[in-house]
Amino acid sequence: MSLLNMKKDVQTIVLVLGILALAAIPRNVMSQNCNCAPNLCCSQYGYCGSTEEFCGFGCKEGPCKTSDVSVASLVTQDFLDGIKSQATGGDCVGKSFYTRDAFLNALGSYSQFGTTGSSDDSKREIAAFFAHVTHETGYLCFVEEKEKTNPYCEGNTEFPCVPGKFYYGRGPIQLTGNVNYGAAGRAIKFDGLNSPETVANDPLISFKTALWFWMTNVHSVVNQGFGATIQRINGPAECGGQKPDLVEARIQLYTKYCQKFGVSPGQNLSC
C-alpha cells in the first residue's frame, strides 16, 4: 500500500470515529444554545434536559414547569394599598401613578415573571420584586429620584446621551443611566434617550421598564437568594459592607412580603 493511500485510510478512520463520537454526545450537552427536542426543556443556561434543573426555575422553552400561583392573586389592590399607606412625606405622586391596572397590563408583556419553577419560587420572586420596588420608591411614593442634578450620562456609541437630557432614576426600580434608558426604550418601544421623562409620566411604560430590567438582569439569579437580587440592582453602592443599613432595609421588606405570601424567604438573604 502506498504512503498516500495509507494517509487517506487514516483520515477516513478519524472522520468516522469523529462522527460516531459526536453522535454519542447527549443532546443536553450539544444544545448549548437550545434547539431541544419537543419533550425536553431549555434551561436558563441554554441546555436541554428533562429534570428539575432544566424544566424548573428559569426554563426558557419546552415543557417548562410552571407554578400554580397567579401573580394577580398575590398583587391585589389591598396589597398595593398596604404599601402606599406606609409612605411618609408630602407630595406622593406615586400613590395615584402606580396603579394595579398599570402593573397587570405591563405584566402581559413578561409572562415568565413569577410563573417559572415551583409555587414557592413564584412567591419569592414576586416578594423580591416588590421589596425592591417598595425600597426604591419610598413605599410607592416617588416616580423619580429627588436628586436631579446628575445626568447619569456615560460614553456609549450604541446609546449616546442626548444633550440636555437627564437619565436619573425613574420608575418602580429607578431606571438609571443612558444605556439602560436606551436599551429599555428599544425593548419596550419608546424613545428612552430622547424622552427619558416618559418613565415618570406614563404608568404603563414605567412598570414595563421595571419588569424589563428585572427580567433582563435579575430574574435569572432569584433562585440564588435575595442577596443576589440586591447585587444585581444596586450591588456596587450597597453590597460588601458599603451601606449595610440599606441592605438590611431591603431584606426586611422581602421577609415581610414572603411572610405575607406564606413562603420561607430561603437562604443567602444578604449581599
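**Figure 1. Lysine 148 and its salt-bridge partner in the predicted model.** Lysine 148 has 35% relative accessibility and therefore counts as partly exposed. Its salt-bridge partner is glutamate 144, with 3.6 Å between the closest N and O atoms. Glutamate 144 is likewise classed as partly exposed, because its relative accessibility is 24%, and the buried class requires under 20%.

**Figure 2. Salt bridge between arginine 170 and glutamate 144.** The N to O distance between these two side chains is 3.8 Å. The pair links distant parts of the chain, 26 residues apart, and both residues are assigned to the loop between α8 and α9. Arginine 170 has a relative accessible area of 4%, so this residue is buried. Glutamate 144, at 24% relative accessibility, is partly exposed.

**Figure 3. Salt bridge between glutamate 136 and arginine 250.** The closest N and O atoms of the pair are 2.7 Å apart. Glutamate 136 belongs to helix α8 (residues 119-137) and arginine 250 to helix α13 (residues 244-261), so the contact ties together parts that are 114 residues apart in sequence. Both glutamate 136 and arginine 250 are buried.

**Figure 4. Network of salt bridges involving Glu136, Glu238 and Arg250.** Glu238 joins Glu136 and Arg250 in a network of salt bridges. Within this group, the bridge from glutamate 136 to arginine 250 has its closest N and O atoms 2.7 Å apart. Across the whole structure, the search finds 6 salt bridges.

Key. Residues numbered from 1 in each chain as written. Predicted model: local features only at pLDDT ≥ 70, side-chain atom pairs only at ≥ 80, totals over all residues. Heavy atoms only, no water. Salt bridge = Lys/Arg side-chain N within 4 Å of Asp/Glu carboxyl O. Helix = DSSP H or I, 4+ residues; strand = E, 2+ residues; numbered from the N terminus. Buried < 20%, exposed > 50% of the residue type's maximum accessible area, 1.4 Å probe, protein only.
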